[in-house]
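Dear colleague,

Please find the structure below, together with its sequence. I would be grateful if you could look it over alongside the notes that follow it.

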Amino acid sequence: MVIRRVLAPRIDFGALRRELGLPDSFPAAAQREADAAAGAPLPAAADRTDIPFVTVDPAASRDLDQAMHLSRRPGGGFRVRYAIADVATHVRPGGALEEETWRRGQTVYLPDGNVPLHPHTLSEGAASLLPDADRAAVLWTIDLDADGGTVGVALERARVRSRAKLDYVGVQLAAEAGRLPEPIALLPEIGALLTARGLRRGAVNLPLPEQDVEPDGDGWRLVLRGPSPMEDHNAQISLLTGMAAADIMLAGRIGLLRTMPPPRPEAVQRLRQAAGPLGVHWPDGMPVGAVLAGLDASQPRAAAFVDQAAELMRGAAYTAFDGELPEQPAHGGVAAAYAHVTAPLRRLADRYATEACLALHEGREVPDWVRAALSKLPEVMASTDRTASAATRGAVELAEAVLLAHRVGETFEAAVLDVDAPRPAAEVPRQPATAEPPRPAGSAVDDRGRSGGNAGADRPGANGGRPGRPPGGTVALDEPPVRARCVGELPLGERVRVRLVTADPAERKVLFERA
């Protein structure tokens, strides 16, 4: 994991909040419902408080959706216990709180504070899987064979108690020192097995570092963070659970899937053609996911290749079905059918997909309030996905512009990640993919957005040359860690010197030219 930080001065994100129409509070009726639910006793459920679960999240997070316990099975293989916050226990169907969560759709993360899907009394309190407190959960128990293949799935409503709130940095350091806590000691082994199975299926992950803006005293810092191995292993447990959920709903012929078309053959061929000039070795017969997995994206030419691979990951969407199965049920990034069920505190769709899975697993009818919601969720989630992505992107662009505002005219070292594609002036620009909901310091196709259809979708220059616009592309500066448009003739995957032409915080715009 590579982390680069550059300090930025005070930044006001209020204009961005207003521009996106983000609410600053909950309606009184919704807040009252949340407060009442937070103070209510937990409903009857299986007592699983003897299982020593732990959570693994960004250090500052308090909306903890998932807790984990891993063990070996007698006779071989593994048992994955994955407890997910039982949000439906706290949100009454048809109430004011449910109505407000439909308006929000998902939690929006901004550097100066999140805009939560649920009031903090639930999302960071009574419903969150915080340590040393009994919590309502939906417990997935997934048995694996010695090669990581699923051999059994069970789920139930349960009462659980997390023993510790762990963070990614600490867990990575513990793994490197060989001192992982017992509940997740097997995570590197299981995660590696699941990753290998995914690559054999044809799964595709885009291992680009993520930009983020973090508080730093009275100011902010712009951070470029690469994925750590333990983050990726942790993500595999969510992927495993999402695939199990999809299988349950497909077998029951009702549910909500996260889908994406497989990479188009012509897009794969264009990427293969780019491999040689960028110095990327692509043996015959090797899947594109395996090629990407072997790259060091901190190197300019490899980073450019990964950026080009974003073209493969387009068209992510939610697909609801009831009776007739979807024509295309799979997710191209996962290379399997997949559903969102592991982040209900911060994503609306997960609550309803989880309830469908519970009903089907228990052999009962899917509740009417769930069935009625399924067909409406794709539109709501697509709209709020766009808002969440715009917030994340806008915050980074604002920080970049503020950071560079006093440096117009200076030159910088940069790597060329993308160049405009020549095309006829009348051609319509490609549409960006539907993005996964972002969350700081994360990595998962289901929760964090690194490999699920948004990677590169809205990057500067991603849509190629536009009529009337000078040629150029996207460059990544060494320091500060900025990605922005640059005009001029640019050699893909090479290092160049660029001059800062514009850094306008009011417009959140940064522009370079080749020096």
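The notes below concern nonpolar cores and helix packing.

Please bear in mind that this is a predicted model.

The largest nonpolar core comprises 57 residues, and W140, I184, I190, I237 and M249 are those that touch the most other members. Helix 7, which spans residues 229-252, is the greatest contributor to this core, giving nine residues. If residues up to four places away in sequence are set aside, I184 is in contact with V54, V56, M68, L70, L166 and V171. A separate core of 35 residues lies apart from this one; V213, F412, V475 and L500 are among its members.

From its first C-alpha to its last, helix 7 reaches 35 Å, close to the 34 Å expected at 1.5 Å a residue. The residue that follows helix 7 is R253, which has a positive phi, near 65°.

Helix 7 also packs against helix 5 (residues 168-177), with the axes 8 Å apart and at an angle of about 105°. Angles of 65 to 115 degrees count as roughly perpendicular, and helix 5 is therefore roughly perpendicular to helix 7. On the helix 5 side, the contact is formed by Y168, V171, Q172 and A175, while helix 7 supplies P229, M230, E231 and N234. Sorted by class, this contact of helix 5 with helix 7 includes five nonpolar, two polar and one charged residues.

With kind regards

Note on methods
Residues numbered from 1 in each chain as written. Predicted model: local features only at pLDDT ≥ 70, side-chain atom pairs only at ≥ 80, totals over all residues. Heavy atoms only, no water. Core = buried A, V, L, I, M, F, W, Y, C linked by side-chain atoms within 4.5 Å. Buried < 20%, exposed > 50% of the residue type's maximum accessible area, 1.4 Å probe, protein only. Helix = DSSP H or I, 4+ residues; strand = E, 2+ residues; numbered from the N terminus. Contact = heavy atoms within 4.5 Å. Axes fitted to C-alpha atoms, helices over the stretch in contact; angles between N-to-C directions. Parallel < 35°, antiparallel > 145°, perpendicular 65-115°, else oblique. Nonpolar A, V, L, I, M, F, W, Y, C, P; charged D, E, K, R; others polar. Expected span 1.5 Å × (residues − 1).
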